[in-house]
Amino acid sequence: MNSTAPRLLDAGEAALVVEFGSEVDPATNERVLALDRALATLALPGLRETVPTYRSLMIHYDPLLLDRSRLVDAVRGIEIAPPALSCAPNHLWTIPCCYDPELGEDIAAVAAMTGLSAERIVALHAGTTYRVYMYGFAPGFCYLGGLPSELAVSRRPTPRPPHPPNTILLGGGLTLITTFAMPTGWWLLGRTPERMFAPAREPNFLVDVGDALRFAPVDRPAFDALEARAENGEIVSQRERLR
Amino acid sequence: MKKALRIIAAGPGVTLQDGGRFGYLRYGVTPAGPMDPLAFATANRAVGAPPNAAAIEVSLGGVELTVDGGPISLAIAGGAFRLQLNGSELPMPAVVRLAPSQRLAIRAGAAGAWCYAAVAGRIDVAPMLGSVATHTRSHLGGLSGRALVADDLLPLTGPRLVEPAIAIITAPWLERAGETIRVLLGPQSDYFTADQMAAFLQGPWTLSVRSDRMAYLLDGQPLRHSKGFNIVSDGIALGAIQVPGNGQPIVLMADRQPTGGYPKIANVIEADVGRLAQLRAGAQFRFRRVTIEEAVAARRAEALALAAPIVLTPLRRTDLSSEFLLGLNLIDGIIDAAH
């Protein structure tokens, strides 16, 4: 595990970046989350909110209420006495996913790029436990790490018009759950009936950064039935507590 | 009848904003909020509303408003827009009383790109994720997550009438020149050699017509990266200056994504974000490096300016054209020069 002291970088006078590395790996991400949890328990006045990413924590603060030096001392203090680090996630989510070619319209293209059969692609994608590394791009978009190397395909040569909401994408060595229709340079692998983000539901956002996540293949009739339930505000995924 | 603001006509990009949607950046939620936070807060304070209260952000597309249910007081502040009450010109920034029979037009004027119309009272729209700030790309805030259009109604809770009815807002802090924008270097200054950093500060940069609420795109001599232009995504602060592969900097504004994957050469200090926002496409400017102490001092000066009560000066008849006085039904708010 990389245990060198993090780099502290200013992003303007109201945000501090605590950078633990420059790579995507679970140990680095776990240090980010450990700092995030420890800072939350300190409840520093003037600390507005934090944004964990793959390898850094952005701390948004009001410099008129929280002096930079005090924030830096707090961050350094946490590093002097590091909390127990563990890469074990708190929860395992099982998210239904329909890989029917009508919803996962690029499975054939991914098969052509990888030389794998459609069945093998689904088996690999649904046979993996992923780590939720971060949210980004749009509300509820989840970036998942742990994709089998056989499925690591490059992005589309040119972006395609908007995909439907709740599409599961593949590209750049990661897989991604979307929540909104957006143009994309990634490949469309399937669709979940689950709403990773629902503004009128509690919780608004389903999973936490650091959680583990798997996909459970469902056929088209099952997808349609789950879709109807999800449309009514029901959570159609399973959550298992791991620790 | 409950009072409500009624949109008669709105150009593209006129939206409802409040101080912004915070607390959800970690879930990929864009904060939105006003492009010029200082002008926005000034308009709200001028009518006694909290600085982060919901108000209308007017783009260069302009807006025309009326009111249902009785008169209301509004404060208009921002760029040098044209303000007309029933077709008669009023000075800016101003507090205005708008009656149901009248039309208030706010249109692009001599300078500036954004203007705010704040109400004495509360615009009563249901918040989404704790905020009414409109972010059209993710369909959050405002009315169904979209920009305002003709016939939209914004109901008002607790409307009050401000005295004097028509007044000039004294806000010298809004007279900001935009030729120099102050920045703190970093967080990825190590992706640029000293000569590229010097070129960035030397400029000059020209604001591109492709700019919008999300990003201000800059044209100028392209910058070169010393170690590639892809970084593993990390957080993005308001005013972050990304340099993508083509070397043309992008300043991330109110509708920024909370994370991104290009090296960030510098960050506009928050006190200058509104100053930059008010530039129009084609405007030329330079960046100037400051220390974090200077950035915090500039921020403190803004907070102090807004903390004091805002001075409203009644309009005198001599401030106005005779056409205006003839055209105006409601002149109680205007006092004589000898008064």
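This is a predicted model: local features need pLDDT of at least 70, side-chain atom pairs count only at pLDDT 80 or more; totals for chains, interfaces and linings use all residues.

Residues are numbered from 1 along each chain as its sequence is written, while chains are lettered from A and ligands numbered from 1 in the order in which they are written.

**Sheet in chain A.** I found an open sheet of four strands in chain A, with order 1-2-4-3 and antiparallel pairing; strands are DSSP runs of E of at least two residues, helices runs of H or I of at least four, both numbered from the N terminus, and two strands pair if DSSP finds at least two bridges between them. Strand 1 (7-10) and strand 3 (47-52) of chain A are the edges, each having a single partner strand, so one side of each has no neighbour in the sheet. I noted five bridges between strand 3 and strand 4 (residues 56-61) of chain A, and A:I59 of strand 4 is the bridge partner of A:T50.

**Chain B against chain A.** I read that 34 residues of chain B are in contact with 37 residues of chain A, contact being C-beta atoms, placed from the backbone, within 7 Å. Helix 4 (292-307) of chain B gives the most to that side of chain B, with six residues.

**Domains of chain B.** The domain assignment, automatic or from a database, gives domain 1 (4-171 + 310-327) and domain 2 (180-303). Their C-alpha centres lie 28 Å apart, and 19 residues of domain 1 are in contact with 14 of domain 2.

Note on methods:
Two residues are in contact if their C-beta atoms, placed from the backbone, lie within 7 Å.
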